[in-house]
Amino acid sequence: MREYIEKLGQRPRICVWELTLACNASCLHCGSHAGRPRDRELDTDDALRVARDLGALGCEHATLSGGEPLLRRDWPAICEALARAGVTVGMISNGLAFDAAEARRGAEAGLAHVAFSVDGLEASHDRMRGRPGGFSRVSAAFEAATSAGLPTCAVTHVNRWDIGELDEMHHHLAGLGVRSWKLQLCNPAGEAAGHREVILQPRDLLRLVPHIVRLRRRGLPFVETSDSIGYFGPYEEEMRRTWRKELPFWTGCYAGCRAIGIESGGNIKGCLALPSERHGTNEFVEGNVLAAGLADIWFHPAAFAYNRLFEPRRLTGFCRTCQYAAICRAGCHWTAIAHGGTMYENRYCYYRVASEEAAAHPGPRRWVVRGLAPAAIVAVLGVTACDHGLHLVGVRDGGSEIAESGDTAPDAVPDVAPPDAEAETPDIAPPDAEAETPDASPDAEAETPDALPPHCPDPCIIDLYGVPLPYPPGCPYECGNPALCPTAEEACCGCDYGEPVPIPPGCIDPCVAGEYGMPPPVPDAGGGDTGAPGDAATPPSDAAPEGRTDAALPLGCPDPCEPGMCNDYDGPCPPPFPPGCPYICGSPEVCPTIEEVCCECDYGLPRVPPECEDPCRPPWWWRK
């Protein structure tokens, strides 16, 4: 792993900068004990110098944080200095003080995007944040930012109060035009250490991780997984895949390697979340910019040794036995320390919890560990797909596999306390063995054929809680049933068609997928392979109109050389052109896709031509 980090280069690409510790909220989960400013915080001149130093070190993205960054009056000057140094600048705010005036100041200072904390629906959010009316104010903050032309993101601490509200939250944020939604665990650090009743149990990961994947498949807002959630298993690749050209699985904490945190008093850490004086330790403080230059701190030979000089032999317990140990390094250091007091063993690891859950349910419960390491992990790391990357599934035969999987599964580590039975979420118990689908053996005649399309999950395999995955169009959705989920054409997404085919439970609605900016699959035209969005189709006429961009436009693309035909359903005339479509007559330029626009909080957000739909926002006819 050290060789991989060295190959990437040790430079602070990502910075989270605590501008002030002052805050106008009273969050129960605040990890930094915010409220009053520090006794001494960087003045404007010192802050502007640090901003220039970050640019000189090659920082690509800086997030202005707090406390509440808006409570520092010179934040626009710091933002402008960073932007002039070539750094893309974002902000994370609680939204209580963010209004049209602040949005305008941010846009003028070069702020690229702004994220707001949303910790549940109205009751849960206001309770967690300690501010009645806070949910309404943060919703208004999203609207103010959008009106000023600032792309918006949302950040949520997942806890016991809001874990059951994620579906409704996704819909609410989509209605506000939010592009990206980052989910992270609510960890028992700072104020949350005294409110453990809101903290999830390790076993809740078996519910949360698959649900995150299902939310990602819905479309915008694009769901991002923070460093505190996941770590290998069958969902890892899909959960971590983004538009960035990086490995689509967890590659360890980058604190002090590619990330840097700056406290408002000038202390430098590899990650702002790691504990410091407010938590009774200086272990992770590498220096202070009031006493040394930022470059001197970053390049000091002994700095950030916990990551730069990491050795897998320092891991303990379960993490030491894991074949992913060298690259995972016990997951998120902050999460590991918050829950166990050490960075060398992580209790909140999906793979670990899945292993222990499988070992704890032998015999009549008929659960088995099945190796499903994503192909990218197997290819890059050279690990076997059968030993790790665990997935809990129902056994199809008489249970003979249980003993085999139980022999290879690592033993449960005794220092992991079982979840509190009273606190356990009631709707996540494993299904009864008696309720198992009959005749679900490998030899059963009704079983789904072995040759599934490559993009289709096997409907004969369910996840831990007996909940089938949402199946894409053109895929079988019931074990033993040859019926396929309807395509966009069969579902009649347009207004000009007749009654649509009903969408069976468990199938992705291809019309809804299209509404969120993900083009529906092109239906099979005559028995051949199903086309992909963007495939060329020959127009019915032999001669293309004069001046036309191309004789063959991609399917679903209006012709930019023809005047728009407006009616009650078209909206603005001419309508904005969809992603991947040419939008200028005679020009090969096409509207950017969702991958090209980069609908995430952490990096820059390229502009979308005014003639084009913004793929990071729902269409005009869907927005409220």
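A: In this predicted model, Glu80 is partly exposed, with a relative accessible area of 30%. Its salt-bridge partner is Arg84, and the two side chains meet at 2.8 Å, N to O. Arg84, at 70% relative accessibility, counts as exposed, because the cut-off for that class is over 50%. Both residues belong to helix H3 (residues 75-84), where they are four residues apart, about one turn of the helix.

A second salt bridge, between the side chains of Arg218 and Asp167, has an N to O distance of 2.7 Å. This pair links distant parts of the chain, 51 residues apart: Arg218 is in the loop between H8 and E7, and Asp167 is in helix H7 (residues 166-175). Arg218 is partly exposed at 34% relative accessible area, and Asp167 is also partly exposed, at 30%. Salt bridges that share partners also join Glu18, Arg38, Glu263 and Lys269 into one network.

Strands E6 (residues 180-185) and E7 run parallel and are joined by four bridges, with Trp181 opposite Val223 in E7. Both faces of E7 (residues 222-225) are covered: Phe222 and Glu224 are buried on one side, Val223 and Thr225 on the other.

A further salt bridge brings together the side chains of Arg11 and Glu60 at 2.9 Å, N to O. Here the partners are 49 residues apart, with Arg11 in the loop between helix H1 and strand E1 and Glu60 in the loop between helix H2 and strand E2. In total, the structure holds 16 salt bridges.

Technical notes
Residues numbered from 1 in each chain as written. Predicted model: local features only at pLDDT ≥ 70, side-chain atom pairs only at ≥ 80, totals over all residues. Heavy atoms only, no water. Buried < 20%, exposed > 50% of the residue type's maximum accessible area, 1.4 Å probe, protein only. Helix = DSSP H or I, 4+ residues; strand = E, 2+ residues; numbered from the N terminus. Pairing = 2+ DSSP bridges. Salt bridge = Lys/Arg side-chain N within 4 Å of Asp/Glu carboxyl O.
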